[in-house]
Amino acid sequence: MSDETYLCPGPCNRAWETAERIHHETGQPNNLTPNPGRPIWCPNCQDTINTHLLNTPKLVNNLGHGKLNTLAADLGRTSHPDPHASPSPAHDLRDEITRWTKRMEDETRTHLGHPPATGRRTINSAVAYLTGHLTPILNRDPDGIDFGATINTNHRRLLTATGYGQLTHRIPGQCLHCNRRGTLNRQNGEDLVKCRHCGASWDYEHYGFLARAASQGKPTKETA
Ligand SMILES: [Zn+2]
Ligand SMILES: [Zn+2]
């Protein structure tokens, strides 16, 4: 381990990062406290990574019949199909994530001095092993950062590719950055509230808190 202490690299610090950016751009003070890592990811983000990892096999197995295949099949019907184009981007994504997960199992077994995996190896068996040893993996400095971030990224890519990430919810209220109304969205499967106008983003969990904090001190009609 190095002497360096980490701020959690997870979505829990997006609100703080955004407040920092606003502070540098406008001078508005950042009253938030960043979440420290324990030792790298905070406990909440470790839970999120665990959930994303556990969801991965189901999402990977749902990929085969998704939209991407239909698209690829349509493209294949053109008279001069690109000979280098993948016949199925969905299968490519499935293979890529399955290979990565198995490679992480192999690397972790080597690192922890466990015997190599035996028997029929699937994404389910790799995920079962990895979730069983998640704490030492995420605490590995600095590899734990990349491991957790890749799981979160893969999860998002899978949600998009399977169509689960398509729904957009409108968040009422005013952007805390550009002050426009009606521009805030939350994408299904994402932990972020994003402003369509200025691109600012916040952790969903913290947005309500920030919005309330920002409105304090301003006279409101509700005030008795
Ligand atoms: Zn965190
Ligand atoms: Zn905005």
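Which residues of helix 4 are buried? Let me start there. They are Ala90, Leu93, Arg94, Ile97, Thr101, Met104, Glu105 and Thr108. Buried means that 20 or more other C-beta atoms, placed from the backbone, lie within 10 Å of the residue's own. An α-helix has 3.6 residues a turn, so residues three or four places apart point the same way.

Some ground rules. This is a predicted model: local features need pLDDT of at least 70, side-chain atom pairs count only at pLDDT 80 or more, and totals for chains, interfaces and linings use all residues. Residues are numbered from 1 along each chain as its sequence is written, while chains are lettered from A and ligands numbered from 1 in the order in which they are written. Helices (H or I, at least four residues) and strands (E, at least two) are DSSP runs, numbered from the N terminus.

Back to helix 4. This helix covers residues 89-112, which makes 24 residues. From first C-alpha to last, helix 4 reaches 34 Å, close to the 34 Å expected at 1.5 Å a residue. The expected span is 1.5 Å times one less than the number of residues. Just after helix 4 comes Gly113, with a positive phi of about 70 degrees.

Next, a helix pair. Helix 2 (residues 43-62) and helix 5 (residues 123-132) have axes that come within 10 Å and cross at roughly 175 degrees. Axes are lines fitted to C-alpha atoms, for helices over the stretch in contact, and angles run from 0 to 180 degrees between N-to-C directions. So helix 2 is roughly antiparallel to helix 5. Angles over 145 degrees count as roughly antiparallel. Which residues of helix 2 and helix 5 meet? On helix 2, they are Asn50, Leu53, Leu54, Thr56, Pro57 and Val60. On helix 5, they are Ile123, Asn124, Val127, Leu130 and Thr131. Contact means C-beta atoms, placed from the backbone, within 7 Å.

Four strands form an open sheet in the order 1-2-3-4, with antiparallel pairing. Strands pair if DSSP finds at least two bridges between them. The edge strands are strand 1 and strand 4 (201-203), each pairing on one side only. Strand 1 (residues 168-171) joins strand 2 (residues 184-187) over four bridges. There, Ile171 stands opposite Leu184. Leu184 also stands opposite Cys195 in strand 3. Three bridges join strand 3 to strand 4. Val193 stands opposite Trp202 in strand 4. Finally, helix 1 (residues 14-26) packs on the sheet, touching strand 3 and strand 4.

Notes: Parallel < 35°, antiparallel > 145°, perpendicular 65-115°, else oblique. Contact = placed C-beta atoms within 7 Å. Buried ≥ 20, exposed ≤ 12 C-beta atoms within 10 Å, placed from the backbone.
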